[in-house]
Amino acid sequence: MAEKLQVESFLEECRESGDRAYNALKEVLELLQNPSTRVEVRVFLSGLLKTVGHSKASDNLSIYHFHIHRFSLSGYEGFREDRQSLVLLELPSIFLPEDWSFTFFEGINRLPDNVFRDRDVAELGCGNGWISIALAEKWSPRKMYGLDINPRAIKAAWINLYLNALNEDGSPVVDHEGKTLLDRVEFHESDLLSYCRMHNILLDRIVACIPQILNPDPLAMQKIVSENASEEFLYSLSNYCALQGFVEDQFGLGLIARAVEEGISVVRPSGIMVFNIGGRPGQAVCERLFERRGFRISKLWQTRVNQAADTDILALVEIENNSRHRFEFFMGRVSKEPISARTAWAYAKYGGEISHGLSVYSCQLHQPNQVKTIFKFLNKSSSETRGALDLHFQDDSVAEEKIPFLAHLAHALEKTSSIPRELPVGKSGFKNLIAGFFCSYHDLPISQDNIVVYPSIAVAIEHFLCLYSPELALIDGSLTKLLPSKWLASFSAENLGKSSDEQLFGTIGTVIEAPKQVDLVLQLLLRLKPQVVVCSLADFEMKSSAAFERLLDSSAAVHARVLLDISDYIELSSLPGSNGVLQYLSNHVLPPHATIVCGLLKNKVYADMEVAFIISENKEVLDLMGKMAQLLIGETAISNQFYYGCLFHELLAFQLPGRHSKPNRIPMEEADHFIKAPVRTLESLVEAKSSTREASDRTDVNSIGSLLVTPTSVKMAIFESFARQNITDIKTNPTAEIQRFLKVKLGIKSDSLSNIILCDNSKVLFSKIALMCRDDGGTLFFPYGSNEAYIYAAKLLGVGFRMIQTQADKGFKVTEDIITKVSEISRKPYLYIAGPTVYPTGVVYSDSEIQALISACSKRGAHVIIDTSFSGLEFDTSKSVIWDLHEVDCSNVLLFGNFSFSLLLGGLEYAYGAVQGSITSAFTDGWSVNKPHCTLGYTMKKLLRLYNENDITLHEELMEQRKLLCKRAEILCQVLRESGWEPLVPSAGASLIARPVAYEGRSLSYAKRDGCTKETYINTNNFLDVISDVTGFHFCGNALSAIPGYYQFDLSLQEQDFADALEALKKLKEVVQV
């Protein structure tokens, strides 16, 4: 060791090469890290400093391949008198201290002492560690982490740490707390914050002086970074910014953007980041880098520095040539007027001196916990999705609403594997939040059972009127604009005020516009005696409950049902204003003839996003309205419910649970003299299956496929649609991509796709088609197995319909001979077909089969209604085109569907109808077609574009689910055959059907789960109950819509549930002994 610690011999070794010098210094570091040799080595370094420390840095670097010197800190305040300088070692492969780092340290020095004292701090790009050491020396942080990707820089930083933690004689330098720099400072090789992230280190402060130069080599980071790499390459690490996959790459700020986002994951909620930013991209661009990620920034320091001579700015010139952006340089260091990169390049080329601004920014997250949640979700997202995020808002109230929502959305998308389908009456959690809001803020003792959710207030009012189909309705003039124009034009003087049990669903006799003032409404009530009143109250009347009480009493006296709109008086605020209606309801049961309706449109971010709901304490009204929603409109957009649910959640987060709870109150009995739903309507609704219960012991048709894994591409597109600001209309209209999708998949001619109707649920579109059939005097024909909700909807709407028997040997498809029979039964047949994939069998109509069907219907004057909702999960994907209808006359075709299967959207439904000619008016006139919100439009446009352009990631995710379904179908078919069933092998979809041939007509004695023995004769009516009793497992049933004798099995179950289903089939076989 004595030889190694001889200054002259050490210098001779270093003369040979940079690598020899580096290896010699590595040995010195190893000796410093050994406590037994540390003192001796520090004394040696003191001698080395005396020998070469006064020489020029350039001379030492060229001769000995290192430089050691004393670096003065006398210009900075706060250092102890005996610590006015640092001893620093520098290597050629390390970014040396210059104007950039000096300016950065000057900016840091403007911060108060308590910013760093007793904090956990990290410096990114620490180089030889001088800033980390100086910061620790001045402010005594709890722990200082110096991080750099250059391994030689870390070795030099450690040597510098020992040089300054020990006196020249090797004794420790102790601070006021009795600690040395060795207690406070560590250096680690790290790509930005990877060391802290890997070791779960949380930080209070992050400081960074990171370069921002565009590197012409985008593959730079793919090169191997090691201490044995060339000095030139290691030095380039300090002066480059390879493409990082961020939108800021175009300005040379990509590496800083990555550092900021990594910092969000490790900085504590109250933490601060300090960054040194060159002003070349322009001050606004630099500041936006932080602001759009949710930071509030302050500028600590600003100066100008000369543009480094070894940096080629031609890349910036190229960016200016291809965009409107102009970078910001200056001629010299005192010029006030900025020049572009092109001008700066030309000026510098001919000997001119150019400079650019340099600023030090302090940044702190505005809503740290929420922003952390957002970026955790975006960690593996594409650059396009990350680039869409914008958390900067001029109005703080907008930020207070949108950022928590985005955090909720990110958390929900991250934790869920599939987007669930919700109940037609509204998402249970959403209704609970509504009820909680009214209970906590308005002392109104209601529960989710008192609420039914609707897409809009227009739909809620329409459904209320359709339910009772009154001959006379009195409606507030401001609300009539929401109703179908034909209702306002109808007038029946002879039947004014009369009701009929034979009234056809949805036909309103006469609508009379009413004034808003309640005194005038009461006069009309007493004289006209309408069956239904839809109204609102004037502002001054809402200040007390008197006007509402008079309305209730007067309407009850004339036996009129009341629907009161209070939308304008519900504030989603922690200090909501009260109103007379809610004051009354907090102390009185809502009479059974009265219903409250409220539309939610008041939010600060998405002004046109709407959800509505009704409140009633009349169970029959709620039940009937819920069943109507199930059949005619399906689920209210889950994204809309989620958004307003988040607003309610934020408001309720400040409330103590149970503080406002009241005992349940007993509803009032309704008198018989109020108008009832027409008999035909009531019978249809009672017969229809209700999905309004939270849990059902039968699988609803709409749940099939809903548990398939939602592709990551779908989740990212959803988040991106909400994260973006100022989206143009063209980016939210997916019509062109839908047309492109249908042309490619179904081969339909462009003129057949000229009119695309967009809707948030395919049930609404079917209802429109059914009404068109009814008004045309036609008959709807459903093949066995069709969606039962459509059949019940047709019956409710008063449409004539017939069921068509199809054959097992034909895969239960509709054939030409069936069309012949249909045309003989009806002069105006409307034939419903699920295709290309047939529901629920999972077989697929071939191109030739569908061409023959459409042509046969065209010859016989029949309309063909093609529902594509259950298509898109074909097992055989070798054929990108399923049908080719370019040469087929499709003028008689009504095409509608959604993308739930095609894109695995689950409960996020987006429906479309493709119609032509005069049929278009059937969709645009009459009842409301609730158009999807623009955020959902953006989501669908992006996803369809990815699908149409064969995006690898999306198609691989879809293919994975198809393979899963195909494999499950094979396994299930095998078990069914072995268990006495006769399955129909599917070739697509998420379900299959099978016939229990070995069980039909069998006598069975078995022990039920409760221990009782039961003897029974197996038949269609009791078979599902037998399966449930024997195995404890529930399968899909065969109600009116199913194929007689066949039972449906869901292939999209959770893995464990699917395994349980297989075991249940085997157990059933054993018990019945087939």
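This is a predicted model: local features need pLDDT of at least 70, side-chain atom pairs count only at pLDDT 80 or more; totals for chains, interfaces and linings use all residues.
A: Contact means heavy atoms within 4.5 Å.

Q: How many helices and strands does the chain have?
A: Helices (H or I, at least four residues) and strands (E, at least two) are DSSP runs, numbered from the N terminus. This chain has 37 helices and 29 strands. Among its contacts with a separation of 6 or more, 76% link residues 24 or more positions apart.

Q: What share of the residues counts as buried?
A: Buried means under 20% relative accessible area, exposed over 50%, and partly exposed in between (1.4 Å probe, protein chains only). Here 60% of the 1074 residues count as buried.

Q: Which residues have the most contacts inside the largest nonpolar core?
A: In soluble globular proteins, nonpolar side chains tend to be buried together. A nonpolar core is a set of buried Ala, Val, Leu, Ile, Met, Phe, Trp, Tyr and Cys residues joined through side-chain atoms within 4.5 Å. The largest one here has 290 residues, and F719 and W981 have the most contacts inside it. Helix α17 (residues 396-415) gives the largest share of this core, 10 residues. Another core, of 69 residues, lies apart from it and includes L45, L86, I108 and L163.

Q: At what angle do α36 and α37 pack?
A: Two packed helices are described by the angle between their axes and the distance between the axes. Axes are lines fitted to C-alpha atoms, for helices over the stretch in contact, and angles run from 0 to 180 degrees between N-to-C directions. Helix α36 (residues 1023-1031) packs on helix α37 (residues 1055-1072) at about 95°, and their axes are 10 Å apart. That makes α36 roughly perpendicular to α37. The cut-offs: under 35 degrees is roughly parallel, over 145 roughly antiparallel, 65 to 115 roughly perpendicular, and the rest oblique.

Q: Which residues meet between α36 and α37?
A: F1023, I1027, V1030 and T1031 come from α36, and A1064, K1067, L1068 and V1071 from α37. The contact divides into six nonpolar residues, one polar and one charged.

Q: What is the strand order in the open sheet of seven strands?
A: Strands of a sheet pair through backbone hydrogen bonds, either parallel or antiparallel. Two strands pair if DSSP finds at least two bridges between them. The order here is β18-β24-β23-β22-β21-β19-β20, and the pairing is mixed. β18 (755-759) and β20 (800-804) stand at the edges with a single partner strand each, so one side of each has no neighbour in the sheet. On average, neighbouring strands of this sheet are turned by 20° against each other, direction ignored. Strand β19 (residues 779-783) runs parallel to β20, joined by five bridges. P783 stands opposite I804 in β20.

Q: Which strands does α28 lie across?
A: α28 lies across β18, β23 (893-898) and β24 (911-915), running at about 110° to β18. E737 is found in this helix (residues 735-746). E737 counts as buried because its relative accessibility is 11%. Its contacts are K941, L944, R945 and N948, leaving aside neighbours within four places in sequence.

Q: Which are the edge strands of the open sheet of three strands?
A: β25 (982-984) and β29 (1047-1050) are the edge strands, each pairing on one side only. The order is β25-β26-β29, with antiparallel pairing. Neighbouring strands are turned by 35° against each other on average, direction ignored. Three bridges join β25 to β26 (residues 991-995). A994 in β26 is the bridge partner of P983. Helix α35 (residues 952-978) lies across β25, β26 and β29, at about 10° to β26.

Q: Is Q448 buried or exposed?
A: Q448 is buried, with a relative accessible area of 17%. Q448 sits in the loop between α18 (428-442) and β11 (451-454). Q448 touches S428, K431, N432 and A435, not counting residues up to four places away in sequence.

Definitions and conventions
Residues are numbered from 1 along each chain as its sequence is written. Side-chain values use heavy atoms; hydrogens and water are left out. Ala, Val, Leu, Ile, Met, Phe, Trp, Tyr, Cys and Pro count as nonpolar, Asp, Glu, Lys and Arg as charged, and the others, Gly among them, as polar.
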